[in-house]
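Please consult the sequence and the structure alongside the numbered points.

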Amino acid sequence: MTSAEMIENRTFDEITLGETASVIRTLTQEDIQLFALVSGDVNPAHLDADYAATDMFRRVIAHGMWGGGLISAVLGTELPGPGAIYLSQSLRFVCPVGLGDTITTTVTVLEKRPEHQVVVLDCRCVNQDGKDVITGQAEVKAPSEKICRPRIALPEVRLSTHDGYRTLMEKTAATEPVTTAVAHPCSAAAILAVAEAAEASLIAPILIGPEARIRAAAVEAGKDISAFRIVPADHSHDAAAKAVGLVRSGEARLLMKGSLHTDELMGAVVSATTGLRTERRISHAYVMDVPDHPTPLIITDAAINIAPTLAEKADIIRNAIDLAHVIGIEVPKVAILAAVETVNPAMQSTLDAAALCKMADRGQITGGIVDGPLAFDNAISPAAAKEKGIVSPVAGVAEILVVPNLEAGNMLAKQLSFLGGADAAGVVLGARVPIILTSRADSLRTRLASCAVGALLARAATKAAPGLAGTVAA
């Protein structure tokens, strides 16, 4: 190994008066966030740019002990290095450290006390302008034995902020809750999701199902549901039918899945005589907030259409474009996904993609920019699109991902959630009203996000056609 890959200490006998060691570090936003995460210090002076602009320094500054940590790093890795024992440390904070400041931290040996092998060191942190930001003194017990060990490689840390979730919840703030028919909320998880969404003023729930089971679930969840209307139903199929009936009668503007199977709820929704069909094909979409990705991703269809036809894919795209408009994407970029980015007669997904693009060219699909076939990598990564030489207004910057079939969509969405740390909001589109369709494995955060998306869609439909919200394709 090279010397840069090793950590070697200085024993008490080796240390000389006036000896120095330094480290240099530039402060980043990630440094501040990681320090806040580890310490629990969420003072807005360090984390909230709007607040910091009104504070005495007029900018975001580092936690004072971030600089103190740099001193500890020099003592622990350079001088004296491994084997040193911290005894005391004085610090004087002279000047704040802001984002982008480059700090040179230096320790200098002032005194050696042989009786206990104690070394006294001057400690100084200086910014890029040569100005002191921290000064102080440290006392450490220096090691007596020589230590030389490989430098430990630190794990790669990625911070997930999920601004998309916060933005989504802010869009629904200070608005009237949407009356929502909740089919068969007979589990603690379902009741918890309903109660939390109601507390967030997203929905005004009507609970449909066996009353005794609903109340027992509320007790298990520790939630008071006395303010919620309950419509008795004998079983899950009956609850689904009655929930759909409340929507058809205009008593509810949203439909939400409780603890029944998706097939049971959707069976009532697609009924030719008593369901909620419109001229559009009903489809499902996930709104995904993926860490480090600059925009939300809409993935469709991942739950309803198993192997959609060309005509069904056209409706799936139309539904997704309408959803994108509601969440604030004015001209969504739509990528028709396949395993490759060229048309291959042996791959039906590529033929469908080509046909869908031509339909968009001819005005049969409007409201967005459609391109495909595109592989997943060159649909969402500008670097991958450039590497493949793809020139397209969609490649690398897609906001809607249209998958070839349900299996592909379901796996893609769950991979992003469980491996990529993404938040997902699921909603069913194309019916008379939006349908909040969540999984029993979904987190409470996901359920709330799904309710927020459903509420936005319901309000948008009401604005488009007051009194006839159900006729607008969500």
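1. Asp423, Ala425, Val427 and Leu429 point to one side of strand E17, while Ala424, Gly426 and Val428 point to the other, and all are buried. Buried means under 20% relative accessible area, exposed over 50% and partly exposed in between, with a 1.4 Å probe and protein chains only. Strand E17 covers residues 423–429, and seven of its seven residues are buried. In a regular strand the side chains alternate between the two faces of the sheet.

2. This is a predicted model, in which local features need pLDDT of at least 70, side-chain atom pairs count only at pLDDT 80 or more, and totals for chains, interfaces and linings use all residues. Residues are numbered from 1 along each chain as its sequence is written, and side-chain values use heavy atoms, with hydrogens and water left out.

3. Strand E17 pairs with strand E12 (residues 283–289) in the antiparallel sense over seven bridges; two strands pair if DSSP finds at least two bridges between them. Aspartate 289 has aspartate 423 of E17 as its bridge partner.

4. Strand E18 (residues 435–436) also pairs with E17 in the antiparallel sense, over two bridges. Isoleucine 435 in E18 is the bridge partner of valine 428. The two strands E17 and E18 form a hairpin with five residues between them, and glycine 430 in the turn has a positive phi of about 90°.

5. Alanine 138 belongs to strand E6 (residues 132–141). Alanine 138 counts as buried because its relative accessibility is 0%. Its contacts (heavy atoms within 4.5 Å) include Leu75, Tyr86, Val119 and Cys123, not counting residues up to four places away in sequence.

6. Threonine 350 lies in helix H11 (residues 348–361). With a relative accessible area of 0%, threonine 350 is therefore buried. A polar atom of its side chain lies 2.9 Å from the backbone oxygen of asparagine 344. Threonine 350 also touches Pro373, among other residues, not counting those up to four places away in sequence.

7. For the chain as a whole, the secondary structure comes to 15 helices and 18 strands; these are DSSP runs, with helices (H or I) of at least four residues and strands (E) of at least two, numbered from the N terminus. Buried residues make up 47% of the 474 residues. Of the contacts with a separation of 6 or more, 71% are between residues 24 or more positions apart. The C-alpha atoms fill a box of roughly 95 × 60 × 40 Å, taken along the principal axes.

Methods. Polar contact = N/O pair within 3.5 Å; in protein donor to acceptor, adjacent residues only side chain to side chain.
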